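Here is a friendly walk through one model, with stops at its charged pairs, its helix packing, its loops and its surface. Keep the structure open beside the text as you read.

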Amino acid sequence: MTAATTRGSGPAGTGFDDAGGDAPLGGGRRGRGSAGTSLRFGVAVVWLSVIVLLPLAAIAWEAVGGGWEAFWSAVTSNAALDSLRVTLTISAAVTVVNLLFGLLIAWVLVRDDFVGKRLVDAVIDLPFALPTIVASLVMLALYGNNSPVGLHLQHTAWGVAVALAFVTLPFVVRAVQPVLLEIDRETEEAAASLGATAPKIFTSVVLPSLTPALLSGAGLAFSRAIGEFGSVVLIGGAVPGKTEVSSQWIRTLIENDDRTGAAAISIVLLMISFLVLLVLRIVGSRAAKRGEMAA
């Protein structure tokens with residue numbers, strides 16, 4: 001009897017199959033891997049539920065606690081609509097500006113060499129670490145009534161825009177920078193050798209690869225801007241219909257013990273933020289697929 005025959009004819013339950021394989025043992029490994037995946041998935045779902053879903057459910061419950069009529073009345077009041085108009089208008093403008101300058105800064109940090117490059121790269125993250133109320137104090141000291149640079153932006157929409165631009169710029173830079181690092185420079189060099197100009201290379205070769213990252217950074221910047229409070233509270237001044245953003249109107253409602261109205265405005269901001277992120281994510285994914293097909 002050969003060794004193969006001896007191995008294949010072992011008794012049931014010994015771990016050997018008729019072909020001499022170790023299928024049950026392999027199945028055991030797959031089983032352990034599946035169990036590990038299920039455990040990780042379960043922990044992730046529980047943590048996501050505790051940190052994100054439960055708070056969202058609580059604010060939604062609070063928003064409709066007074067009935068749909070109270071909800072609709074809260075989100076369509078003149079003060080609420082004015083605050084939403086100010087918030088969305090300034091946030092959209094700031095996002096577009098940061099989209100352009102964030103791309104420029106990321107390009108400089110990746111493609112150019114200069115003295116103090118690492119310092120500049122570290123400064124980009126400063127708005128992430130700086131408490132937003134401190135950012136508002138900085139804006140007030142720089143652009144307030146005693147402005148050392150001669151720009152008096154306190155209680156103006158421009159002051160709110162500058163504050164929002166300060167806290168949202170890193171989202172675009174940090175979204176674009178790693179993608180720009182991974183772009184194949186040989187493709188650009190090949191296009192240049194064929195006579196393509198620098199603007200043509202950028203629009204035809206570089207920009208399509210950066211589009212998903214740009215959209216992602218823009219979505220995050222816009223979402224942060226429409227919910228920002230601390231950085232605009234001093235420089236903006238919460239002038240109704242002029243500089244009062246929705247987060248400040250929410251604070252006013254809470255101070256007036258209108259928790260249902262505050263929750264209703266919060267839900268509107270959450271829905272707007274979610275829809276913007278979802279749409280930009282879908283557009284970015286389609287742009288990435290088109291780029292892969294073209295490549």
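## A pair around Arg224

Arg224 counts as partly exposed, at 23% relative accessibility. Please keep in mind that this is a predicted model. The partner of Arg224 is Glu228, and the closest N and O atoms of this salt bridge are 2.8 Å apart. Glu228 counts as buried, at 4% relative accessibility. Since the cut-off for buried is under 20% relative accessible area, Arg224 with its 23% falls into the partly exposed class, while Glu228 with its 4% falls into the buried one.

## Other salt bridges

How many salt bridges does the count come to? The count comes to 6 salt bridges. One of them is formed by the side chains of Arg111 and Glu188, with an N to O distance of 2.8 Å. Arg111 lies in helix α4 (residues 78-111) and Glu188 in helix α9, so this pair ties together parts that are 77 residues apart in sequence. Are these two side chains in buried or exposed residues? Arg111 is buried, with a relative accessible area of 17%, and Glu188 also counts as buried, at 10% relative accessibility.

A further salt bridge joins Glu255 and Arg251, and here the closest N and O atoms are 3.8 Å apart. The two residues are 4 residues apart in helix α11, so about one helical turn separates them. Glu255 is exposed, with a relative accessible area of 58%, whereas Arg251 counts as partly exposed at 34% relative accessibility. Elsewhere, Asp121, Asp125 and Arg174 are linked in a network of salt bridges. As background, side chains of opposite charge can pair when their charged atoms come close.

## How α9 meets α10

Two packed helices are described by the angle between their axes and the distance between the axes. For helix α9 (residues 185-193) and helix α10 (residues 198-226), the angle is about 145 degrees and the axes are 10 Å apart. The contact is made by Thr187, Glu188, Ala191 and Ala192 on the α9 side, and by Ile201, Val205 and Val206 on the α10 side. The crossing of α9 past α10 is right-handed.

## Two loops to look at

The loop between α7 (132-143) and α8 (157-182) holds His155. The phi of His155 is near 65 degrees, a positive value in a residue other than glycine. His155 is partly exposed, with a relative accessible area of 36%. Gln154 lies in the loop between α7 and α8 too, and counts as partly exposed at 22% relative accessibility. Which residues does Gln154 contact, leaving aside its neighbours within four places in sequence? They are Leu140, Tyr143, Gly144, Asn145, Leu234 and Ile235. Gln154 and Ile235 are 81 residues apart in sequence, yet their C-alpha atoms are 4.9 Å apart in space.

The loop between α10 and α11 (246-255) contains Ala238. Ala238 has a positive phi of about 55 degrees, although it is not a glycine. At 19% relative accessibility, Ala238 counts as buried, because the class takes in values under 20%.

## Ser246 in α11

Where is Ser246 placed? Ser246 is in helix α11, and it is buried, with a relative accessible area of 0%. Not counting residues up to four places away in sequence, Ser246 touches Ser83, Leu84, Thr87, Ile265 and Leu269.

## A nonpolar patch on the surface

Finally, let us turn to the surface. Val46, Trp47, Leu48, Val50, Ile51, Val52, Leu53, Leu54, Leu56 and Leu270 form a nonpolar patch there, and together they have about 920 Å² of accessible area. Which helix gives the most to the nonpolar patch? Helix α2 (residues 23-63) does, with 9 residues.

Ile51 makes a handy example of a patch member. Its place is in helix α2, and Ile51 is partly exposed, with a relative accessible area of 44%.

Technical notes. Residues are numbered from 1 along each chain as its sequence is written. This is a predicted model: local features need pLDDT of at least 70, side-chain atom pairs count only at pLDDT 80 or more; totals for chains, interfaces and linings use all residues. Side-chain values use heavy atoms; hydrogens and water are left out. Patches are made of residues with over 30% relative accessible area and no salt bridge: like charges are joined within 9 Å, nonpolar side chains (Val, Leu, Ile, Met, Phe, Trp, Tyr) within 5 Å. Accessible areas come from the Shrake-Rupley method with a 1.4 Å probe; for residues, only the protein chains shown count as cover. A salt bridge is a side-chain nitrogen of Lys or Arg within 4 Å of a carboxyl oxygen of Asp or Glu. Buried means under 20% relative accessible area, exposed over 50%, partly exposed in between (1.4 Å probe, protein chains only). Axes are lines fitted to C-alpha atoms, for helices over the stretch in contact, and angles run from 0 to 180 degrees between N-to-C directions. A crossing is left-handed if the near helix is turned anticlockwise from the far one by less than a right angle, and right-handed if clockwise. Contact means heavy atoms within 4.5 Å.
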